[in-house]
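Subject: Two-chain model for your files

Hello,

Below is the structure I said I would hand over. My notes on it follow.

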Amino acid sequence: MPIRRSQRLAARREAAFAALLVAPVLAWLGATLLYPLAVSLALSVENVRVIGSVGRFVGLDNYLSVLGSAAFWLALGRSVVWVVGNAVVQTALAMAAALVLEQSFPGVRIARTWIVLTWIVPTIVIVIVWRWLLSTSGGMINPLLIALGVIREPVGFFSTPASAMATLILINSWRWFPFIAVMLLAGLQRIPGELYEAAALDGASRFARFRRITLPLLQPTLFVLTVIGTLLSFNVFDIVWLLTGGGPANATTTLPILIYRTAFKGYRLSEAAAMSVVATVLLMGLALIAVRTLAPREEAR
Amino acid sequence: MRRSVAITLALAVALAVLAILVILPFWWVMSSSVKATSEIVSTSPTMFPRSFTLEHFEKLLGGSDFPRFLFNSVIVSLASMALTVAFAVLAGYAFFRLRFPGRDLLYRAILLAYAFPGIVVLTPLYGMMSAAGLIDNPLALVIVNVTFAVPFAIWMMRAFLAAVPVEIEEAARLDGASRLIVLRRIVLPLIAPGVASVAIFAFVSSWTEYLFASVLIQTDAHKTIPVGLAGIIGQYQVDWGLMLAGATITTLPVLALFAVIGRYFVAGLTAGAIK
């Protein structure tokens, strides 16, 4: 049948054109992500100490020493605290912001755009901003708290282990909540208004409407955002490194900080590679769940 | 639904809190960058500057390597932006408009790449760059920046491409236009806001990149702002005026870009999330 053959030909041409468009990106990502990952894998079963030097095959020794070291498990534990803390603070702030921005009021369009300000500003600026605002000499927050009578003397926010971690989580969440908020807002705006109107007619209170309509319908969006937020906050390196360097007393040494230090300050490259591989396996497992919910089904055409 | 007085009041309070949370820290930093040093370190902070001086900016631009860093950052970010946009438009069109075997699988693989921890490939990439003679070369930063911006950029293209009616493309195809012509002459102009959004995302993510720049670049001559400014912080321990001026100048280009295309940017950000 000639029609079917010409259809098949058209499909093949379309696929060839698509391959041409996709090939550059795939080659690029293959060379800069997949290949280095393979190199990491190879490094992790050798005993290379400094970049560029040659190592010898040691099997799973690095994995055994990493999995047997207290530093690794402590860093992993801190990463979990970091990720969970960020997820909770970030999502709560974002939810509140999204509910506010969903209302209509003068200037709402501007507010919906500029809310992402903290997210687009360079990390180094965020670091300077908070270093200065929280400074013990001058600054803004300490004098403000003293004036309000909350504290008597300036507090070193980064000087005790617990407060350093808590402060970092607040800063990072402050940076990321607008991103989550605009995503949640998009989810909120898709909930049909009639649902709320019908519920209001039936006498449901505002809170009941939120709990019975908003939350359940928003749940898939919330889930995906939580997973993405988890992955992205796990990867955060610069804010932590530049604000505390992993201190005080390693209290903010999360896994990325530990890997960086092991490779570039401790000169134990292979051990760092083994940690990287373990971290990748953990993260990509999580990411697979998220991607399954994000990828397009048949609606692309 | 009409709002009661109580709800209106609550909304106003919530809005005020939100505005303070987002804007106040930046206002403090930017307004303080023109204060005299004595006012900056004063224990009774001022909301509006009482003194006015440009000495911090003069010191930063005249007495440090900052102009060099600024120049490097602009070059690296523009190059990363151009490459990312080209890749995202081409791949986005294929992923969201064409049918080909393995499409879903490849798209998922690229989404995975977005969440990929940079620290994992840091040492191997260092080794590769060193073998290629690209250590201390801005090109190395461009290569890495594109890698980490392109997955999200492709994802952002989705909503903009979905808004282009397939019928327009089909009509042009029937008139004898090749696929490449359709993409260039018909689709590209229609997704201009999407291209702008992707551009701003790529520019900003390159503008802010610290980790790779701190390892791949070694001399002051090639440093970008994040690493250069971090170095200045260490160098002059408590010169807050200098740091605040640096923070202000670093923020301005991003603000300017965002003022022009911020609306499309947020639209692209959120529309991509809609299934």
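Residues 213-233 of chain A are 100% helix and 0% strand, with the end C-alpha atoms 29 Å apart. Helices (H or I, at least four residues) and strands (E, at least two) are DSSP runs, numbered from the N terminus.

Some conventions before the rest. This is a predicted model, in which local features need pLDDT of at least 70 and side-chain atom pairs count only at pLDDT 80 or more, while totals for chains, interfaces and linings use all residues. Residues are numbered from 1 along each chain as its sequence is written, chains are lettered from A and ligands numbered from 1 in the order in which they are written, and side-chain values use heavy atoms, with hydrogens and water left out.

Chain A

The span 213-233 is one of those that UniProt, in an unreviewed entry, labels "transmembrane region" in chain A; the others are 81-101, 113-133, 145-170 and 272-295. UniProt positions are given in the numbering used here, feature names are shortened, and annotations may be inferred rather than shown by experiment. Residues 145-170 of chain A come out at 50% helix and 0% strand, and their end C-alpha atoms are 17 Å apart.

A:Val155 sits in the loop between helix H7 (141-147) and helix H8 (161-189) of chain A. A:Val155 has a relative accessible area of 31% and is partly exposed; buried means under 20% relative accessible area, exposed over 50%, and partly exposed in between (1.4 Å probe, protein chains only). Its contacts (heavy atoms within 4.5 Å) are A:Leu134, A:Thr136 and A:Asn142, leaving aside residues up to four places away in sequence. A:Leu29 is 126 residues from A:Val155 in sequence and 46 Å from it in space, C-alpha to C-alpha.

H8(A) has 29 residues and reaches 41 Å from its first C-alpha to its last, close to the expected 42 Å. That expected span is 1.5 Å times one less than the number of residues. There is a kink of about 35 degrees at A:Trp176 in H8(A), shortly before the proline A:Pro178. The bend at a residue is the angle between axes fitted to the seven residues ending there and the seven starting there. Of the 29 residues of H8(A), 23 are buried, so this helix is largely enclosed by the rest of the structure.

The C-alpha trace of chain A spans about 85 × 70 × 30 Å along its principal axes. Buried residues make up 51% of the 301. Among contacts in chain A with a separation of 6 or more, 63% join residues 24 or more positions apart. Chain A exposes about 14,000 Å², with carbon and sulfur atoms supplying 67% of it. Accessible areas come from the Shrake-Rupley method with a 1.4 Å probe; for residues, only the protein chains shown count as cover.

Chain B

Of its 275 residues, 55% count as buried. For contacts in chain B with a separation of 6 or more, residues 24 or more positions apart account for 73%. The accessible surface of chain B is about 11,400 Å², 68% of it from carbon and sulfur atoms.

Helix H1 (residues 5-32) of chain B has 28 residues and reaches 38 Å, close to the 40 Å expected. H1(B) bends by about 40 degrees at B:Ile23, and the proline B:Pro25 follows within four residues. Buried residues in H1(B) include B:Leu18, B:Val22, B:Pro25, B:Phe26 and B:Trp28.

B:His56 belongs to helix H3 (residues 55-63) of chain B. B:His56 is buried, at 4% relative accessible area. Among the residues that B:His56 touches, not counting those up to four places away in sequence, are B:Ser33, B:Lys35, B:Gly241 and B:Leu242.

For chain B, the unreviewed UniProt entry places "transmembrane region" at residues 69-93, 105-127, 139-161, 182-204 and 242-266. Residues 139-161 of chain B are 100% helix and 0% strand, with end C-alpha atoms 31 Å apart.

Regards
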